[in-house]
Amino acid sequence: MPNLLLVATGGTIAGSAADSADTSHYRAGALSAESLLAALPEAATLGQITAEQPFALDSKDMTPAHWLALAALLRERLAAPDVDGIVVTHGTDTLEETGFLLHLTLPRTKPIVLTAAMRPATARSADGPMNLLQAFACAGTHEAAAFGPLVVAGDRIWRARDCSKRHTHVPDALGGIDAGPVGVAIGTQIRFDHGGDGAAPYFAGTLPSELPRVDILSAYAGAPADQIDASVANGAAGVVLALAGHGSVPETWLPAIARAVARGVSVVRASRVASGGVMPQANFDDAAHGTLACGRLTPWQARVALMLALGMGVARNALQEALLRA
Ligand code: SIN
């Protein structure tokens, strides 16, 4: 039997509501890791399970300081000889940000499986217990480690770097970003379609004690350019622009972008379009304007990658490569 560790951080999977038919008024992160396990006796057939609870958050309140604390904790637990696999419970709302940070920073030595739920634990047909059970099953497999952090929900398994929230309220809310699942869970049987690459994470070095401020600024019809100046004035070391189409920059933003670049702020072109990303030089002369392109990353992923790159001292001339390879 594998030794599996549950690291609980809150979310709807630990949510509690007064009314079992109410799936939109509840407190996320209300139930402890122990009570999640107590409600899931079947998990004992999948491994020897211990639990710890670094936070009990609604994931809208997750901050970069929580990311760093969680990554440091998980690195330490992965190195422990008595841990064979780890399950992390998290809210669905910002799971894709935490998941991507863990993808970029954790070694692929043992399984790390994130899971979540859309219905609170007290709801009729709560999705959390089966998701958690399948996450334990996945964390108990040898093959899971080589993918890096995975997300298990609704019988599907994605790499955390490929998974995002696609719907605001249905149970089947998580889905792939330009990529399908890497496997499925059928009950507690885990099937992978192919193997993971086992590559080292892009940011394998010592984590910084804090991450620099990077803001995401969105383009829309008539969006004011002064939001870029405001970010820079408020201390942003980088801005990710969630632009229209393939990273198309409004003409009215050009002077503010030039001012930001002149002050040494990293300006990344990303897209508000769900798929495809933004490639360097596409639709814009990045070399001439001193801007970067996010590659295939979403704006939220590009922000995480840029924060890590700046926080870990990646040289300015290596930032574009970091975004493309992260
Ligand atoms: C949260 O993200 O913590 C609340 C919403 C959810 O888990 O679905």
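Helices here are DSSP runs of H or I covering at least four residues, numbered from the N terminus. Keep in mind that this is a predicted model.

**Exercise 1.** Work out which helix holds Gln320, and whether Gln320 is buried or exposed.

*Solution.* Start with the location: Gln320 sits in helix α9, residues 319-325. Next, take the cut-off: buried means under 20% relative accessible area. Gln320 comes in at 17% relative accessibility, so it counts as buried. Finally, look at what Gln320 touches: leaving out residues up to four places away in sequence, its contacts are Pro280, Leu292 and Ala293.

**Exercise 2.** Explain why strand β1 is largely enclosed by the rest of the structure, then find which strands pair with β1.

*Solution.* First, burial: β1 spans residues 3-8, and five of its six residues are buried, so the rest of the structure largely encloses this strand. Then go through the partners. Strand β2 (residues 48-52) runs parallel to β1, joined by five bridges; here Leu6 has Ala51 as its bridge partner. To get from β1 to β2, the chain passes through helix α1 (residues 33-38), making a right-handed β-α-β crossover. Strand β3 (residues 85-89) is also parallel to β1, again over five bridges, and Val7 is bridged to Val88 in β3.

**Exercise 3.** Track down which protein atoms lie 2.9 Å, 3.4 Å and 3.0 Å from an oxygen atom of the ligand.

*Solution.* Now the distances. At 2.9 Å there's a polar side-chain atom of Thr12; at 3.4 Å, a polar side-chain atom of Asp58; at 3.0 Å, a backbone N or O atom of Asp93. As for cover, the ligand taken alone exposes 250 Å², and the protein buries 96% of that.

How values were computed
Residues are numbered from 1 along each chain as its sequence is written. This is a predicted model: local features need pLDDT of at least 70, side-chain atom pairs count only at pLDDT 80 or more; totals for chains, interfaces and linings use all residues. Side-chain values use heavy atoms; hydrogens and water are left out. Buried means under 20% relative accessible area, exposed over 50%, partly exposed in between (1.4 Å probe, protein chains only). Helices (H or I, at least four residues) and strands (E, at least two) are DSSP runs, numbered from the N terminus. Two strands pair if DSSP finds at least two bridges between them. A crossover is right-handed if, with the strands pointing away from the viewer, the path from the first strand over the helix to the second runs clockwise. Contact means heavy atoms within 4.5 Å. A polar contact is a pair of N or O atoms within 3.5 Å; within protein, one must be able to donate a hydrogen and the other to accept it, and residues adjacent in sequence count only if both atoms are side-chain atoms. Accessible areas come from the Shrake-Rupley method with a 1.4 Å probe; for residues, only the protein chains shown count as cover.
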